[in-house]
Amino acid sequence: LFCTVVGKAAWVQIARADPIAGEGTLVIQADGGRRFIYNPRLIAAAHTLQRGTIYDRAGLPLATSDWAELERHRAEYKQLGIDIDQACNRADPRFYPFGAVTFHLLGDIRTRANWSAPNASLIERDSAVRLQGYDDRARVVEVKDARGKPFYTIRYDYRELLPLLRHRWESDNPAVKSIRERERNVHLSVSAALQVKATVILRTHLAASHLSRGSLVVMDPESGDLLASVNYPSPDLLQQKLALGEAAGPLLDRARYGLYPPGSTFKIVTAMAALRLNSALAHQQYQCIRLPDGRTGNYVGNSRRPIRDDNEDKNPHGTLDMNRAIVVSCNAYFAQLGTYKVGPQQLLDTAKIIGVSVANPPTVKNLRPQMPQASYGLGQVVVTPFQMARVASAVAAGGQLPFGRWITDDSNPRTQAPQPIVSSNDAALLAKDMRGVVTSGTGRRLASLKPEIAGKTGTAELATAPSHAWFIGFAPYADTPPAAGEHRIAFAVLAENGHYGGAAAAPIAGDLAQAAKELGLIQ
């Protein structure tokens, strides 16, 4: 027995010392519930590590636990219309000077609202290990309650902090210094100034159109840097009970995770698929005729149901090539191009590069009967505004599709390089076509604006609700990639149930481009 006790003690003290000291112990508490409790001295040691600050691209704190950080930037906040004394409560453990404007980007460590949502990218959650300065090895485990019934809970493991406890009086101890001196800040590509302006722009335009939901994304086409990502509505951080929201509620990050039919903006993807197959398809011609019911469009394949153009298209487009079809947004042209020339495999391959879904499941067999509709963005095609901003970025960047990132420091997990999707010559052709959309096509409301904009409208029909309104594009327009030192922005705007892209979404994009110029993000 003595040997057994000694052996057990040795096993505990040598082999299992750190896990036993750092892991929690499951105990029955006063209310009868079983919960993990942890070494209070380790918890106290954890509290001596101040959570890191999250900065925007200009070094402005978006979230911090240090009031002095806010004070150092008081004047900059004031320029953006923010009084930090009104926006933040000094008694809080964490400060979010931009409030709901940055909620979908950062999250909120105070409430952990939407913390378990897989369709969210919250810096406070996803970068928790870096921000807190240690890995607490949080994991979901199955345990049993007092009656033996299984349930799931989170178990933490604070063993990484043991040097702070064992060497608490040795400030120069290498293990202690390693923990205390490690980088805990996170730097984002987002421009707080543009985020604020874009939020006002989106909210104002939606209100003027009596719309209640929308989103937008602004990117740097060359780097893939996310400059702004705005959702409306956003949660009321003070009044609402913040938990997992409904699918279309204020907690949904519409800009990066909301899935929508793209309508005619997807014609740029179909055009890319065609040009990847053969650049000569830019000159492929098809007919758009007047149909027996007076609408315009054409029949595709053996179907007796024609592909119709928008109700606003009163006159047939006649014989047209890709350039003209993009400018006037001809559904019949792209239905024929996709069905007869591109084909389901090529469209699937191109969509896979971009990361969008064109069939469920994504197989040639499932996509083939949908090709006429999928080729102009209907059927089972669904995208996010972020994905469509990448499509616009690829055109602006000479055919290079950026992966897209929002963290710019060495903790960034999204490190994939831009991927060629079309040649530079084909990208220049698409850029010219998209400029034509603005100068003489469905986006001509923006024709006189400076900086010059190239874009594509989209009107995505829904079965039982008004169509979604889209506009994607870039500014300033040029048919070649920018020279060294020149910058562009690419964007995607979605006004949910906004009827027409040219009417509801395009003006938002115009104001975005002007705001970016005022802020010096583009020339």
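Trainee: Where is I154 found, and how does its surface read?

Mentor: I154 is found in strand β6. Keep in mind that this is a predicted model. The residue is partly exposed, with a relative accessible area of 42%.

Trainee: Now salt bridges. How many does a search of the whole structure find?

Mentor: The search finds 26 salt bridges. One of them links the side chains of R155 and E23, at 3.3 Å from N to O. R155 lies in strand β6, residues 150-155, and E23 in the loop between α2 and β1. The pair therefore ties together parts that are 132 residues apart in sequence.

Trainee: Is E23 buried or exposed?

Mentor: Buried means under 20% relative accessible area. E23 has 15%, so it counts as buried.

Trainee: Which sequence parts does the pair R308 and D293 tie together?

Mentor: Start with the contact. The side chains of R308 and D293 meet in a salt bridge at 2.8 Å, N to O. R308 lies in strand β12, and D293 in the loop between β10 and β11, so the tied parts are 15 residues apart in sequence. R308 is partly exposed at 33% relative accessibility. D293 is partly exposed too, at 43%.

Trainee: Which residues do salt bridges with shared partners join into one network?

Mentor: That network holds E23, R155, D157 and R159.

Trainee: And what about D66 and R72?

Mentor: Their side chains meet in a salt bridge at 4.0 Å, N to O. D66 is partly exposed, with a relative accessible area of 23%. R72 is exposed, at 53%.

Trainee: On to sheets. In what order do the five strands of the open sheet run?

Mentor: The order is β9-β8-β18-β17-β16, with antiparallel pairing. To read the edges, look for strands that pair on one side only: here β9 (226-232) and β16 (454-460). Neighbouring strands are turned by 5° against each other on average, direction ignored.

Trainee: How many bridges join β16 to β17?

Mentor: Seven, and the two strands run antiparallel.

Trainee: How do I read the backbone angles?

Mentor: Most residues other than glycine have a negative phi, and most peptide bonds are trans. Look for departures from that.

Trainee: Which peptide bonds are cis here?

Mentor: Among them is the bond from N360 to P361, with omega near -5°. P361 is found in the loop between α16 and α17. Another is the bond from K450 to P451, with omega near 0°. P451 is found in the loop between α20 and β16, and β16 is an edge strand of the sheet above.

Trainee: Where is phi positive in a residue that is not a glycine?

Mentor: One case is N114, with a phi of about 65°. N114 is found in the loop between α7 and α8. At 7% relative accessibility, N114 counts as buried. R137 also has a positive phi, near 50°. R137 lies in the loop between α9 and β5, and at 38% relative accessibility it counts as partly exposed.

Methods:
Residues are numbered from 1 along each chain as its sequence is written. This is a predicted model: local features need pLDDT of at least 70, side-chain atom pairs count only at pLDDT 80 or more; totals for chains, interfaces and linings use all residues. Side-chain values use heavy atoms; hydrogens and water are left out. Two strands pair if DSSP finds at least two bridges between them. Helices (H or I, at least four residues) and strands (E, at least two) are DSSP runs, numbered from the N terminus. Axes are lines fitted to C-alpha atoms, for helices over the stretch in contact, and angles run from 0 to 180 degrees between N-to-C directions. Buried means under 20% relative accessible area, exposed over 50%, partly exposed in between (1.4 Å probe, protein chains only).
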